[in-house]
Amino acid sequence: MNSYSINEFINKTGPKARPREVFGLQSERILEVDLAGEVWAKIGAMAGYTGNIAFERERALEHGMERAFKKTFTAEGQDLMKASGRGRLFLADHGKRITILDLDGQRLTVKGEDLLAFEPSVEWNIEMMKKAAGVMSGGLFNITLHGQGKVVITTYFEPLTLPVYAGEPVFTDPAATVAWSGDVKPEFHTDINYRTFLGRGSGESIQMKFEGRGFVIIQPGAVSDTKHFSVSTFFTIVYVIISQFL
């Protein structure tokens with residue numbers, strides 16, 4: 001057979017067999033959802049589907065007033081869409097690598113931009129980190145998921161999971177940090193001196209510090225605009241101020 005024929009191309013790139021569970025990987029960068037009900041996914045992540053599937057943007061108060069308020073004033077809790085029906089749904093996020101994780105009762109915190117999909121049985125909430133350094137690092141708010149079910153995260157290239165042991169904190173770049181387990185305590189760590197204000201800092205003035213027992217997932221690359229004071233940053237600061245009086 002001609003190695004460059006259209007039929008050969010179709011054979012090589014066609015979909016694999018349906019996954020045995022709700023989520024399965026067609027490739028490292030394409031997720032298949034064997035849909036027979038509902039699933040939550042990052043809005044705009046649909047690459048294709050077969051069958052009878054409907055898509056609905058998350059309604060403003062669908063997950064409660066408090067969560068809607070947080071999403072209004074922060075850049076986290078990426079807009080979600082609910083896919084419902086029966087069929088094969090294919091999801092992707094700008095070519096990022098995809099990882100499927102079964103929570104099995106554990107708690108996992110994920111940066112909103114790195115969450116691709118999760119089963120409706122999973123409980124989730126938007127949580128705030130306390131230190132103001134997080135405002136400038138772009139990581140003040142994150143999504144915590146827990147309970148039973150699978151979640152799907154994305155990373156730029158291959159992820160690295162760093163173990164965290166008691167008395168041995170792990171430090172990470174906020175832009176490279178993707179997710180961490182529920183048994184570790186994160187906070188922002190600053191390394192600022194006079195050189196920082198003169199524009200001669202190391203570029204690593206704001207870090208994340210994790211203590212306890214568990215793990216942290218990092219990625220080797222990221223698209224980050226944390227060096228620029230954005231509109232979302234402004235609204236995040238507004239939210240922090242307002243929340244002090246609630």
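This report walks through a predicted protein model, from its overall make-up to a few single residues.

## How to read the model

Because the model is predicted, local features need pLDDT of at least 70 and side-chain atom pairs count only at pLDDT 80 or more, while totals for chains, interfaces and linings use all residues. Residues are numbered from 1 along each chain as its sequence is written, and side-chain values use heavy atoms, with hydrogens and water left out.

## The protein as a whole

The protein has five helices and 16 strands. Here, helices (H or I, at least four residues) and strands (E, at least two) are DSSP runs, numbered from the N terminus.

How much of the protein is buried? Of its 246 residues, 41% are buried. Buried means under 20% relative accessible area, exposed means over 50%, and partly exposed lies in between (1.4 Å probe, protein chains only). The accessible surface comes to about 13,800 Å², and carbon and sulfur atoms account for 54% of it. Such areas come from the Shrake-Rupley method with a 1.4 Å probe; for residues, only the protein chains shown count as cover.

Contacts tell us how the chain folds back on itself. A contact means heavy atoms within 4.5 Å. Among contacts between residues at least 6 apart in sequence, 78% join residues at least 24 apart.

## Two nonpolar cores

A nonpolar core is a set of buried Ala, Val, Leu, Ile, Met, Phe, Trp, Tyr and Cys residues joined through side-chain atoms within 4.5 Å. The largest one here has 18 residues, and those with the most contacts inside it are Val110, Phe118, Trp124, Leu145 and Val151. At least two residues of this core come from each of strand 6 (107–110), strand 7 (115–118), strand 8 (122–128), strand 9 (141–147), strand 10 (150–155) and strand 13 (177–181). Another core, of 16 residues, lies apart from it; Val33, Val39, Met81 and Ala117 are among its members.

Now follow the strands across a sheet. Two strands pair if DSSP finds at least two bridges between them. Six strands form an open sheet in the order 8-9-6-13-16-11, with antiparallel pairing. Why is one side of strand 8 and of strand 11 left without a neighbour in the sheet? Strand 8 and strand 11 (160–164) stand at the edges and each has a single partner strand, so one side of each has no neighbour there.

Some of the pairings can be followed in detail. Strand 6 and strand 9 pair over four bridges, and threonine 109 stands opposite threonine 144 in strand 9. Strand 13 is joined to strand 16 by three bridges, where tryptophan 180 has valine 216 of strand 16 as its bridge partner. Five bridges join strand 11 to strand 16 (residues 214–218), and leucine 160 stands opposite isoleucine 218.

## Strand 10, covered on both faces

Is strand 10 mostly covered or mostly open? It is mostly covered: six of its six residues are buried. Lys150, Val152 and Thr154 lie on one side, and Val151, Ile153 and Thr155 on the other.

Strand 10 also has partners. It pairs with strand 5 (residues 97–102) in the antiparallel sense over six bridges, and isoleucine 100 has valine 152 as its bridge partner.

Threonine 172 sits in strand 12 (residues 170–172) and counts as buried, at 7% relative accessibility. Its side chain makes a polar contact with the side chain of threonine 177 (2.6 Å). A polar contact is a pair of N or O atoms within 3.5 Å; within protein, one must be able to donate a hydrogen and the other to accept it, and residues adjacent in sequence count only if both atoms are side-chain atoms.

Isoleucine 30 belongs to strand 2 (residues 30–42) and is partly exposed, with a relative accessible area of 35%. Leaving aside neighbours within four places in sequence, glutamate 211 is in contact with Val164, Pro169, Asp183, Val184 and Lys185.
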